[in-house]
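Subject: Structure handover and notes

Dear colleague,

Please open it first and keep it beside you while you read.

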Amino acid sequence: MLSRRKFLGAAGGVAGVAAASGGAWAALLRDSVEQSSGPTPTTTRPATTTTVPSTTEPPSDPVPQADRVLVVVQMAGGNDGLNTLVPSSGTYRDARPIIGIPEEDLVVLSKTDFSLHPSLAPLSRWWNLGSMTAVEGVGIPFQSRSHFRSTDAWLSGVSGATSRTGWLGRWLDATQEGDPDPLRAISLVGGSPMLVGEKSLATVIQSAEAFRLRTPEGIDTEGLISAFLATASPLATDLTLAAAQRAIPSTVDAVDLLTGAFDVTDAGAGGSDTAGAFEVAARIIDLGIGTQVITIGLGGFDTHSNQLARQSALLDDLAIGMAGFMEKVEADGHADRVTLMTISEFGRRVGENGSGGTDHGQGSVQFLLGPSVAGWEVHGELDLKNLVEGDAPTLVDERSIYAEALDWLGGPTDDILGGTYERMGAFAA
Amino acid sequence: MDTRSEIAWLARRAGWGLDPGELDDLSTLGTSAVLDRLTDPDSAGVSASASPWADFEPDPDPANDQRARQNLAATSMWLSHFSTGSRQFENGLAWFWHGHFAVSAAVVNHLPAMLGHLELLRARALGNFREMIRAVTVDAAMLVFLDGASSTGSSPNENYGRELQELYTLGIGNYTEDDVRAAAVALTGYVVRRRAGWDVRFVSQRHDPTPQTLLGVDGVRDVDTVVDTVLDHPAVSTRIAGKMASHFLGSVSPSTVDEMASVFADSSLEIAPLGRAVLEAGLAGEGTPLVMAPVPWIVQVMRSTGAVVEDRMVVAMLRNMGQVPGLPPNVGGYPGASAWLSSSSTAARFSSAGVIATRTPDDAPVLTAAADGRWDDLADLLLRPGGFGRSTIDALRDVSRQSGRRPGVGRLALALASPDMLIA
């Protein structure tokens with residue numbers, strides 16, 4: 001049996017991290033945020049694994065591609081893009097007599113035909129710096145209005161067919177060197193199906209409060225954790241039992257290595273649970289454990305009714321979380337390594353319904369944030385003159401933004417997406 | 001499987017575990033009699049049980065601190081009913097239907113209406129599916145959850161009209177966007193009078209009576225015609241049989257699902273015969289091992305151990321593992337196995353096992369078996385009469401009898417946290 005201490009030492013030498021303590025976003029589950037997740041394999045970190053990523057950067061590149069971190073924020077439920085990035089068009093005003101955002105509240109984006117929802121004001125600093133951009137009219141071809149089918153298409157990066165893997169899982173597979181390292185990809189409260197690969201692994205954390213291994217008084221903690229690890233080997237031949245076994249060493253490992261990111265002293269202080277998740281993401285980047293992809297989930301965007309109040313609260317959380325994240329990675333000196341991207345399964349109907357809300361729609365707007373993006377302009381296109389069944393049409397394939405993000409991470413993009421998708425120029429060349 | 005293994009399987013899958021000693025009693029009774037008691041409790045002479053909240057009258061408009069206390073009390077009554085209710089499969093199905101409709105207390109935000117919804121599902125858990133859908137369609141909690149209460153003829157809200165077809169009955173691919181709109185229009189007119197005890201009322205001025213074409217059927221104009229049109233569709237029996245089969249059995253072949261669907265369709269969508277067909281298929285070896293969700297895991301473990309844990313702590317453990325009764329994360333219901341194998345859920349299960357072992361009474365058979373190192377007895381008491389796997393037994397042997405404040409506590413904690421106990 002591998003002792004826990006040996007296990008930790010072998011796993012990357014971050015032993016001796018302070019005792020686990022709570023995080024700030026555990027209540028997210030209580031608040032019904034987690035998007036249902038697809039199969040996510042977890043497994044043991046073999047004793048021989050090295051966690052330090054290889055850094056085979058081209059000499060002229062200031063930030064090696066292997067050091068880059070993509071953070072994908074999933075707004076589950078279908079965020080209403082029209083009230084998020086508000087167009088200055090009469091069609092918008094006509095379609096939204098009750099839930100249109102009053103002109104005087106909007107945050108105008110100069111030299112564009114758009115304004116930000118007032119809740120997104122904290123992000124205007126990055127817009128003005130040229131470190132934030134938007135892509136309009138993004139969706140999936142033959143958009144379904146089903147939450148689940150659309151979410152599957154977005155998270156897998158595959159449209160019109162089912163996929164066992166997520167788009168980032170395939171990137172992890174393609175770029176994996178040696179044994180899988182579950183800490184390359186970390187899911188915080190959602191988005192984990194994006195990280196599912198055939199051979200790579202991810203760490204899935206749904207609750208910060210839960211993310212520690214506690215034993216009651218009178219029990220030798222190290223001894224019991226060692227015994228817990230021992231229940232995982234040898235693996236059973238039954239696949240389900242083996243999956244339950246594999247979860248154990250990867251959990252013990254992740255708890256030890258990530259403990260520093262969950263120290264409560266000031267995580268999310270004064271902010272929301274969502275802000276806490278962003279804070280944890282920024283801390284994980286600062287830990288320097290080779291994490292390259294992080295997903296963050298937040299839910300509740302299915303605003304069929306009372307949308308004005310509900311979406312404002314959600315976008316408040318989102319903007320405060322994203323701004324806090326950017327400030328922390330800047331302060332830690334990691335900003336140049338980081339890009340943040342939003343996704344959501346669909347936009348909402350252009351016309352409002354009778355409940356002060358909007359029903360499921362099609363194309364929508366997504367944001368990119370970070371020094372690597374091509375700022376000061378809105379990419380893609382919002383076409384309110386040619387609605388499809390009352391919806392803004394999908395004019396940009398979701399995989400166009402994925403393609404640019406994968407290019408930025410170092411590819412091989414076309415292999416991962418199964419084709420060549422048009423680049424919008426949303427990342428600076 | 002031998003009889004003892006069959007009874008244990010039924011208790012793990014169809015019911016909510018067993019109290020110490022109960023596996024002996026039911027094994028004497030035999031598999032067939034136990035199956036009758038589960039799926040046809042009236043004929044088998046199993047007394048009906050009252051609502052879990054029969055004696056509970058929550059304040060409909062509580063102050064904030066009282067709200068949290070009431071929610072906790074209601075959750076604890078529910079969990080306790082799972083352990084003690086005489087009709088274990090009725091409760092097992094009530095839990096399945098709760099996940100199926102996925103109404104969230106956080107969205108409804110009115111405890112009496114939420115409990116009314118859950119009781120509606122429990123009372124009809126073994127009844128007729130068509131009647132269940134009819135009742136759910138005009139249930140106050142559902143009208144609020146999916147916005148039927150604010151859907152009007154002049155401005156229909158599609159939320160319920162869509163999910164009725166996509167999630168609750170037909171499944172994607174069996175309806176069109178026009179069908180979504182048609183159902184939404186025909187179902188308009190219901191309101192929930194929040195100031196009058198959340199009374200549901202039909203207001204004809206808010207209803208659009210224009211006859212709609214739904215799923216190819218003309219003249220659909222109200223709840224009854226919508227429900228009948230949707231429930232007459234042949235996709236219903238296959239979809240519900242498939243969902244129930246995967247809930248209780250794991251992965252099963254399409255031909256098995258088709259057989260169950262025939263049973264369901266031939267009985268005019270009566271749920272009890274379908275439930276019996278599902279359990280019989282499982283006993284015959286259909287299906288795969290299942291990763292247990294936190295709620296059944298904790299109820300079964302608490303029963304086997306007899307542990308005494310404060311309500312507040314039980315709910316905290318469930319929250320940490322990622323599943324709180326009454327709070328499905330979205331309209332798709334509770335997530336599946338991958339969520340329960342996540343790092344945070346795994347860590348929380350380990351921590352919870354320690355608490356439960358510590359709170360297990362001195363005279364509990366599981367504790368003495370653990371202290372004595374009688375691993376096969378311990379596994380049997382935990383409803384695994386086939387014993388633990390090799391890895392878990394070897395790991396148990398490495399834990400000192402003296403680990404914990406009382407002999408056997410550390411070993412029991414490890415057994416409860418083991419991967420074997422997560423698989424039903």
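Predicted model: local features only at pLDDT ≥ 70, side-chain atom pairs only at ≥ 80, totals over all residues.

To begin with chain B, its domain assignment gives domain 1, covering 129–233, and domain 2, covering 294–422. The centres of these two domains of chain B, taken over C-alpha atoms, are 43 Å apart.

Where the chains meet, 62 residues of chain B are in contact with 67 residues of chain A. Several helices of chain B each supply at least two residues to the side that touches chain A, among them α10 (159–169), α17 (311–321) and α22 (390–397), while the largest share, eleven residues, comes from α19(B). Sorted by class, this side of chain B has 25 nonpolar, 29 polar and eight charged residues.

Within α14(B), the residues B:V257, B:M260, B:A261 and B:F264 are buried, and because the buried residues fall within an arc of 105° when seen down the axis of the helix, they line one face of α14(B). The buried residues of α14(B) pack against α13 (235–249) and α15 (271–283) of chain B, whereas the face turned away from the buried side carries the exposed residues B:S255 and B:D266.

Just after α14(B), B:S268 takes a positive phi of about 55°. B:L269, in the loop between α14 and α15 of chain B, also has a positive phi, of about 65°, although it is not a glycine. B:L269 is buried, with 21 other C-beta atoms within 10 Å.

Turning to chain A, strand β10 (residues 364–369) has six of its six residues buried, so the strand is largely enclosed by the rest of the structure. Both faces of β10(A) are covered, with A:S364, A:Q366 and A:L368 buried on one side and A:V365, A:F367 and A:L369 buried on the other. Strand β5 (residues 132–139) of chain A pairs with β10(A) in the antiparallel sense over five bridges, and strand β9 (residues 338–343) of chain A, also antiparallel, is joined to β10(A) by two bridges. A:L368 is the bridge partner of A:T133, and A:M341 stands opposite A:L368 as well.

Elsewhere in chain A, three strands form an open antiparallel sheet in the order β2-β4-β3. Strands β2 (85–87) and β3 (107–108) of chain A stand at the edges with a single partner strand each, so one side of each is left without a neighbour in the sheet. Three bridges join β2(A) to β4 (residues 114–116) of chain A, and A:V86 has A:S115 as its bridge partner.

Some backbone details of chain A remain. A cis peptide bond joins A:S233 and A:P234, with omega about 0°, and another joins A:G411 and A:P412, with omega about 5°. A:W376, in the loop between β10 and β11 (378–380) of chain A, has a positive phi of about 65° although it is not a glycine.

With best wishes

Methods: Residues numbered from 1 in each chain as written. Chains lettered and ligands numbered in written order. Domains from an automatic or database assignment. Contact = placed C-beta atoms within 7 Å. Helix = DSSP H or I, 4+ residues; strand = E, 2+ residues; numbered from the N terminus. Nonpolar A, V, L, I, M, F, W, Y, C, P; charged D, E, K, R; others polar. Pairing = 2+ DSSP bridges. Buried ≥ 20, exposed ≤ 12 C-beta atoms within 10 Å, placed from the backbone. Arc of directions from axis to C-beta.
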